[in-house]
Structures are given as C-alpha cells and as structure tokens.
Amino acid sequence: MRRLAALGLAALQLLLLTGRGGVRTNYREVEQLLVVQTLGLDGKEGGVTLTLAAKGDSEQGVRRMKAPGSSVTAAMDRIRASIYEEELFCAHAERLVVGEKTAEAGLDGVLAWLERSPEMRLDLPLYVVRGDTAERAMLEVGDEQRGICDAMDTADRAARRRGDCGLTTAADILRDSARFGSALICALSLRPAAEQDEKAEGALTAAPSGYAVLRGGKLVRFLNAEQAIAAGLLKNEPGLSEITVCDRFGRPAVIELSGGSSRIRPVWEGGALRGLQVEVQLRGSVAELSAGSSPPDTDELTARLEEKLASAVSAALQASRELRADYLGLAAHVERADPVRFRALTQAFPDLLPELQLEVTVRARLDHAPDRKEV
C-alpha cells in the first residue's frame with residue numbers, strides 16, 4: 001500500500017510539472033522567453049529609467065531594451081508591453097548596474113524592490129558606474145554582437161578574484177547596512193575598448209574599479225586603488241592584486257599580492273573604547289622590474305611594500321573616521337573581543353570612530369621572485 005501511495009504521489013507531481021491534466025501554471029515555451037542577464041537603473045525626476053540587456057544569437061545580436069517609469073515595476077511593465085510575443089524572464093539575471101547619481105541619491109528604493117520582487121534574487125551582484133550612468137553602460141558597451149553582458153561576465157570573474165574590489169550582492173549591502181550603517185559596493189568604470197583591442201575603435205568596455213562607500217544607503221565616496229586593496233585586507237578578503245613600489249634609486253617594481261589577513265584589537269580604558277590596534281599580514285612576489293635593474297633586494301622591497309600598505313590601510317581607516325561610516329565592519333571585531341563592554345558603549349560605534357586612536361602595523365613576506373620581466 002505504501003508503495004502504491006508513493007507511486008500515486010509521484011504521478012500527481014509529474015502531472016503538475018508537465019502541465020498535463022489541465023494544470024499549466026506559469027508554463028512558457030523556452031522559445032518565448034527573453035532571458036535578461038543585466039539590468040541597469042538610473043533615477044530621474046519623478047521616476048526611473050530601466051535598461052535591460054540579453055545576449056543575442058548570431059542572427060539577432062545583442063538585445064537592449066529601455067523604458068522610463070514612475071517606478072521600476074512600471075518601467076518593467078512598459079518593456080513587457082513593447083516586446084509582444086516574448087516573455088521577459090529576469091529570475092536568472094546576473095547583475096544590476098546603477099548610475100553614480102542614482103547611488104548618491106540613495107539605493108534604499110532599489111534594495112526594497114529587490115527584496116519584494118517575486119522574480120529577483122537577493123544574491124544579485126550590484127555595481128555602481130563611476131562617473132557615468134547605467135544607461136550609457138547598458139547601451140554603449142560593446143557592439144551589435146557582444147554587449148554589456150559579455151563585458152560584465154569578465155568583470156564578474158575579475159571581481160571574484162581581485163583584492164582591490166569584490167563582488168557585492170544586494171544581500172551583502174542590506175546586511176552590512178543594517179549592522180554597521182554602511183557598506184561597500186563594487187565600482188565599475190567605462191573605458192574605451194581600443195585600450196585592449198585596437199580594432200574596437202569608438203566602442204566602450206566596462207571593468208571593475210575598486211569600491212564605493214555607502215552610508216545610510218547613499219554613495220558618499222570612492223576608494224582609490226590602494227585604499228581598495230587595504231579594504232580587502234581589513235575585511236579578510238585579500239584576493240589577488242598588484243601594487244608598485246620603488247627601490248632607493250626610484251626604480252619601480254611591481255609586486256603581486258597573493259594573500260593576506262588582518263587582526264583588529266580594541267584598546268580599552270576602563271569602560272571607554274580608546275583606540276584600535278590593526279595588524280595586517282600579507283604575502284606576495286616580485287612580478288616585474290624596471291629595465292636594467294639588478295636582481296631585486298627582497299628585504300628592501302619588503303620594507304617599501306610594508307610602508308606603502310601601512311599608508312593605504314591608515315588612509316582607508318581615516319576615511320572611515322571622517323565619514324563616520326563603519327564600512328570595514330570594525331564594530332564586529334570590537335564586539336567579538338569584548339561583547340559586554342561593547343554593549344555598554346554610550347555612543348553608537350560610528351560616532352566613536354573620529355576619536356579613536358589607530359595603531360597600524362603591516363608585515364609582508366615576498367615568497368619568491370619569478371623570472372625577471374623588464375618594464
């Protein structure tokens with residue numbers, strides 16, 4: 001009897017999934033679906049401009065769609081109405097790009113839409129276009145055969161492995177904003193594609209460009225390249241990155257950073273938090289040397305690297321103090337070290353940041369020097 005009941009249940013599930021027997025909920029032919037990979041969003045007076053992109057085939061090429069609306073939902077409905085026989089499918093979207101001005105005005109509305117939308121995912125990566133609009137990125141990157149989706153596939157892979165930027169999802173931003181009042185979001189730069197391919201004259205490409213800082217859901221600052229590397233180290237997400245140092249003769253050497261970690265300890269005076277001791281350890285190797293350089297003095301380059309990274313770490317921490325924005329999640333380290341005293345603090349942690357004394361120590365190790373390349 002149990003076996004018959006199980007077989008009956010399996011048959012019913014099969015009927016529901018295949019739509020036979022008159023049940024065809026949300027059923028669509030694959031050929032009718034227009035699968036969106038990249039979404040772009042810009043705020044405008046009284047509403048938004050939504051831009052969608054999908055990879056095309058050899059016949060149709062890249063698909064790009066744009067519509068204004070009083071809300072994201074309204075703009076989406078206008079696009080749906082314009083494509084007639086096809087059905088928009090956004091559940092497999094791979095990232096959302098927003099313009100700089102939109103991020104400055106605030107991303108709370110965008111994040112709320114992602115939370116409530118039945119077809120969007122909270123693990124969707126977000127990017128902010130540095131110094132430009134999402135619309136320009138969506139419509140002008142690439143050509144008729146390879147567009148923003150192809151460029152962003154490369155950008156996604158770079159953000160996952162690099163130490164000076166990181167793939168940040170809507171869920172990451174919501175979590176960090178709720179806990180620390182601030183968050184980091186991956187920045188994106190538009191560049192002439194001819195920098196990489198001489199045949200692509202006039203076209204644009206897109207590439208990760210460090211981090212942007214959100215405070216209260218609004219863009220307040222971009223970190224420069226070295227500060228972004230420091231942020232990755234302080235968040236224990238070092239990844240791979242490159243940094244150039246000079247020897248005592250002013251000759252440049254490119255150091256490839258391949259890993260690292262940080263430790264942050266609070267300094268208490270009674271029940272008052274007085275400062276933070278920040279220790280960073282990193283490892284790397286000499287990737288390139290200037291033309292005519294003798295074999296590298298590893299000890300000297302290590303000292304130069306420690307000095308440069310200590311300055312970058314201090315600058316990243318100083319930006320956090322100036323903005324009263326704990327985008328590095330420093331509060332979590334303080335709380336883990338002494339949860340009782342942390343909960344007894346009389347001020348919110350971001351308000352304490354400007355008064356904290358910072359002690360930064362960086363220790364580096366150059367593991368090996370590969371075959372020399374002259375630059």
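Good morning. Please bear in mind throughout that the model is predicted.

Where does Q37 sit in the chain? Its place is the loop that connects strand 1, residues 33-35, with strand 2, residues 38-44. Is Q37 buried or exposed? Its relative accessibility is 13%, and because buried means under 20%, Q37 counts as buried. Setting aside neighbours within four places in sequence, the residues in contact with Q37 are A53, A54, K55, A93, E94, R95 and C149.

Let me now turn to the chain as a whole. The protein chain has 375 residues, and 47% of them count as buried. Its secondary structure consists of twelve helices and 14 strands. Among contacts with a separation of 6 or more, 68% are between residues 24 or more positions apart. The accessible surface of the chain is about 19,500 Å², and carbon and sulfur atoms contribute 48% of that area.

My next subject is a sheet. Strands of a sheet pair through backbone hydrogen bonds, in either a parallel or an antiparallel manner. Here, four strands form an open sheet in the order 11-12-13-14, and the pairing is mixed. Strand 11, residues 241-246, and strand 14, residues 357-366, are the edge strands, each pairing on one side only. From one strand to the next, the twist averages 40°.

Within this sheet, strand 11 and strand 12, the latter spanning residues 252-269, run antiparallel and are joined by six bridges. Which residue of strand 12 is the bridge partner of S241? That partner is L257.

Two helices lie across strands of the sheet. Helix 9, residues 298-323, lies across strands 11, 12, 13 and 14, and runs at about 145° to strand 14. Helix 10, residues 330-337, lies across strand 12 and strand 13, at about 50° to strand 12.

Finally, I come to a pair of helices. Two packed helices are described by the angle between their axes and by the distance between those axes. For helix 4, residues 108-116, and helix 7, residues 170-180, the angle is about 115° and the axes are 11 Å apart. Which residues make this contact? Helix 4 contributes L111, L114 and E115, while helix 7 contributes A170, I173 and L174. The crossing of helix 4 and helix 7 is left-handed.

Thank you for your attention.

Technical notes. Residues numbered from 1 in each chain as written. Predicted model: local features only at pLDDT ≥ 70, side-chain atom pairs only at ≥ 80, totals over all residues. Heavy atoms only, no water. Buried < 20%, exposed > 50% of the residue type's maximum accessible area, 1.4 Å probe, protein only. Contact = heavy atoms within 4.5 Å. Areas by Shrake-Rupley, 256 points an atom, 1.4 Å probe, with all protein chains shown as cover. Pairing = 2+ DSSP bridges. Axes fitted to C-alpha atoms, helices over the stretch in contact; angles between N-to-C directions. Left-handed = near helix turned anticlockwise from the far one by under 90°.
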